[in-house]
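How do you get from a number to a label? Take a look at the model below before reading on.

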Amino acid sequence: MKKIFRLFRNIITVRPVRKFLKRKIKEYKIEKQYKGLPGWDGNVKPKSVLICEPHFSHGECLPGWTKYWQDLGYNVDIITRLSNYKEDPFCNYTNKPRMFAGSLAMLKKWLADKNARNYEYIFISTTVLWDEGVSGKHFLDFLGFVPKCKHGCLFIDHAPNLFFNKYSEQTLVSSKRIFALSNLPYMAQLNPHYFGEFEHLNKNSKTTSFVAVGRMAARNYDCMIDAVRKLKESGKDFIIKVIGSGKMEIPNDLQDVIVHLGRLNYKDMYAEINAADFIIAGLDPFNSEHHQYLVGCTTGNLQLSFGFNKPMIINELFGKHYELDNSALFYKNNDIYTALKSAVNISEKQYKSLTQNLTKLANATYKRSLNNLRNAVKFNHANNKD
């Protein structure tokens, strides 16, 4: 009987205490990372918008979102993850917003604060989380509530092909509260491709410079390796710099023309992209996972191409989908060699034509996006819905 009693006592006391202490220790370790950093103070200026970016690696979109809101005359505050804050996506931005770093738990606490209700809008710039333990979970489900402010929340869905039906986002579409990065027939576009002020450079006169951006696991660079060897053997002068986390095996005979820089902070990444002539997208038409970029998802390379006015080297299936005809160099299947060869042989006149067409497309995308946001603000401001 005593043994049963002790067992029962341990179950209802010690185990919960252990779980409580374990959770508190974990929370303490997380909070310790933010020591010395400014936390959201609850002070809200008149006509302000709060941008909440809960994704740990979507920091490159923050300047673009900020620019749209500032163009509409709003003050902007940002609450986001530590990695986005530390990598400084606003390093080349003139009218910088206030930005605060927090864990997911801290973001939840700030959004629940009564002072957050003083914002005109709360703009949740990623709807679905990808952190361990909550991967694939809608941010509102994680919060357990819809943040309150004067005119309600607006949202960005980075992968509507995956989550539009799962989370019944049609209601948000009809109330003009949600956007996609692509120009879709069923969801308004808001594409963030402003990264600050940069001098648009002419094509390098001698060594053609390529940059490839993206996680190694999310790109197919195998066909690029074969093409680079063939291009090198032809005696062409070029360099390819690869930016992104993960390992990349570069053959010994190609280490003088392919450099893997790894993951960079935004200042260094922006500098590399701006100094390059072309961006290699690395999208594979035979990879089923890459097909998501044809049905709703938008490759981050498109934003970089627009923002830095750098033509892409891209498979024609994806290039035509993004309406990049005459604004990029296409190749069929995985024959990237033909596009790389065209790039190193391109004339100054041909290159200028590509960049001029790209500028027109980027400007049209920006204008359409800004109008979509303006219309959403007018609609919801008039209706004054939570």
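This is a predicted model: local features need pLDDT of at least 70, side-chain atom pairs count only at pLDDT 80 or more; totals for chains, interfaces and linings use all residues.

Q: How many disulfides does the rule give?
A: The count comes to 0.

Q: What makes Cys-223 buried or exposed?
A: The relative accessible area of Cys-223 is 16%. The cut-off for buried is under 20%. Therefore Cys-223 counts as buried.

Q: Which residues of helix α4 are buried?
A: Helix α4 spans residues 104-112, and its buried residues are Leu-104, Met-106, Leu-107, Trp-110 and Leu-111.

Q: How do you know where they sit around the axis of α4?
A: They cover an arc of only 160° around the axis, so they are on the same side of α4.

Q: Where is Phe-90 found?
A: Phe-90 is in the loop between α3 (82-86) and β3 (98-101).

Q: Why is Phe-90 called buried?
A: Its relative accessible area is 3%. Buried needs a value under 20%, so Phe-90 qualifies.

Q: What does Phe-90 touch, beyond residues up to four places away in sequence?
A: Contact means heavy atoms within 4.5 Å. Phe-90 touches Leu-62, Pro-63, Thr-66, Ile-78, Lys-96, Pro-97 and Met-99. Leu-62 is 28 residues from Phe-90 along the chain, with 8.0 Å between their C-alpha atoms.

Conventions. Residues are numbered from 1 along each chain as its sequence is written. Side-chain values use heavy atoms; hydrogens and water are left out. A disulfide is a pair of cysteine sulfur atoms within 2.5 Å. Buried means under 20% relative accessible area, exposed over 50%, partly exposed in between (1.4 Å probe, protein chains only). Helices (H or I, at least four residues) and strands (E, at least two) are DSSP runs, numbered from the N terminus. The arc is that of the directions from the helix axis to the C-beta atoms.
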